[in-house]
Amino acid sequence: MISPLEGEMPDGAEGGNASSHADGAAEERPTSATRDDLSDTDRRRVQAVTRPATDFSKAEKFEAMAGGAGTSIASVNQDSFSQFSANITFAEEETFKLGNALFRKLWVSSPSSTQASDGLGPLYNARACQTCHLKDGRGHPPEGSADATSMFLRLARPPKTDAERAAIARHEILNFPDPVYGTQLQDSAVRGLAAEGHMKISYTETPATLAGGETVFLRRPHYSIDKPGYGALDETTTLSPRVTQAMSGLGLVEAIHPADILTNADPDDKNGDGISGKPALVRDPVSGAPTLGRFGWKAQSATVRQQAADALAGDIGISSPDAKRSHGDCTAAQTACLGMADGVQARLGDTEAPDPVLDLITFYSENLAVPARRKASLAETLAGKKVFYETGCISCHVPKFVTRRDAANKAHAFQLIWPYSDFLLHDMGDGLADGQQVGEASGSEWRTPPLWGIGLTNTVSGHTFFLHDGRARNLTEAILWHGGEAAKARDRFATLEKADRQALITFLESL
């Protein structure tokens, strides 16, 4: 049991002044080089508390409370990622639970007598958010022909003209969809319409030898589309597999001041350490302002709300005020799809999921608590933490931040959090490359994923598949797939004594 006292905020932190979401979105935040939400005194305190550890003989103060005062200390079980932030108000608990109900809501095809759940598809991957984000946890590669709902193929082609390249450079578009199949492969469709096909995966295995003679087999996936329903894809379209990510702590990530992310960026590697770190600049779809992307495997989304709106439209085919696509991902070439009924009803406005619905789903997504660390103070965990630091993992997996004082949600304001990510793009090498550009991210660049909660993957999701396509079957394989900028850290791991490798894994399992 972890004492709640371990979760007290840094001295004097009490939440600060909340500002409206709209005000924050209108700022030219990516250009902010310093935190404009702190006094000089606060700034010094934040710098001190976020300095990397040098003493590994004991846990750091507040280390067990990975999500600050909102950390969940509920019993560890399959619901560990589904708890609400511990510091939201009683009234907000009701909002959270209403959002949870909508997150689980099963949408139906139109026309329907329900008049509250209409609008599914016509092409879709899932009927509910919960279907892909089961227990709010991590997705996995399909196991069997009928199981692909927590992983899908993103489709895109590269720019072909100077005008298209300029549009990407101006952050007007991330990339270009397949002219027939659109932005992702939908493996389901409403009655009377053909699905787009099904993802097909095969693996080849190669051995990797570690110090001491231990051999690990890494499986390399190969992707294709089985029975494409609308003919061939464009010959330049690339397939990018994506498993769904765990939902914990999203609101806290959104509350990190952009200056704290930008301070770790070194896109030209001026310090010569082999680690670059490139910020992903995207257009906020609501304000139109250039904004720091920090969500998604390629950091293609700036806000949780945008993530929710895009997922509703792309995965389920449900329009919302921020993504008014009542026919989801239907393209101009899919005329039968565009001719199907949608779920827009005049009494609800011009979308299938109007503002109250999108607001509630967003609130739910922003306030899923980060679970408390387990065994953070034990000697074997601390030994692994030391190895994690010494092998250079913290160059990208930055341990901690203090969120902004003026966060839109008071519960997220001025919290010491431990996501273990820099939220920047890094070249991860040819082994993990998907060849698909997404805005600032090249075909081999990926955003550093947060590690908090990673040790509970098996408990919550019932598997230990990691990386963007779940090819790694455990944490050791995930580390060994690291290449590019992370190759040096990977090689250090591979040459460690077996006991040190196990210590590092023990540390990761405590997160």
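The model is predicted, so local features need pLDDT of at least 70 and side-chain atom pairs count only at pLDDT 80 or more, while totals for chains, interfaces and linings use all residues. Residues are numbered from 1 along each chain as its sequence is written, and side-chain values use heavy atoms, with hydrogens and water left out.

- Strand β7 covers residues 280-283; strands (E, at least two residues) and helices (H or I, at least four) are DSSP runs, numbered from the N terminus.
- One face of β7, with A280 and V282, is covered, and the other, with L281 and R283, is uncovered.
- β7 runs antiparallel to β8 (residues 290-293), and four bridges join them; two strands pair if DSSP finds at least two bridges between them.
- L281 has L292 in β8 as its bridge partner.
- Six residues lie between the two strands of this hairpin, and G288 in the turn has a positive phi of about 80°.

**Aromatic pairs**

- How many aromatic pairs does a search of the whole structure find? There are nine, where rings of Phe, Tyr and Trp (its six-membered ring) pair if their centres lie within 6.5 Å, and planes under 30 degrees apart count as stacked, over 60 as edge-to-face and the rest as tilted.
- F388 and Y420 form an edge-to-face pair, because their ring planes stand at 80°, with the centres 5.8 Å apart.
- This pair links distant parts of the chain, 32 residues apart: F388 belongs to helix α11 (residues 379-390), and Y420 to the loop between β10 (416-417) and β11 (425-427).
- F388 is buried at 2% relative accessible area, and Y420 is buried at 1% (buried means under 20%, exposed over 50%, partly exposed in between, with a 1.4 Å probe and protein chains only).
- F401 and F423 make a tilted pair, because their planes meet at 50°, with ring centres 6.1 Å apart.
- Here too the pair links distant parts of the chain, with F401 in strand β9 (residues 401-402) and F423 in the loop between β10 and β11, 22 residues apart.
- F401 is buried, at 3% relative accessible area, and F423 is buried as well, at 1%.
- Ring pairs also link F84, F96, F103 and Y364 into a cluster.

**Charges over rings**

- The charged end of R219 sits over the ring of Y203, 4.1 Å from its centre; this requires NZ of Lys or CZ of Arg within 6 Å of the ring centre and within 35 degrees of the ring normal.
- K298 places its charged end over the ring of W446, 4.1 Å from the ring's centre.
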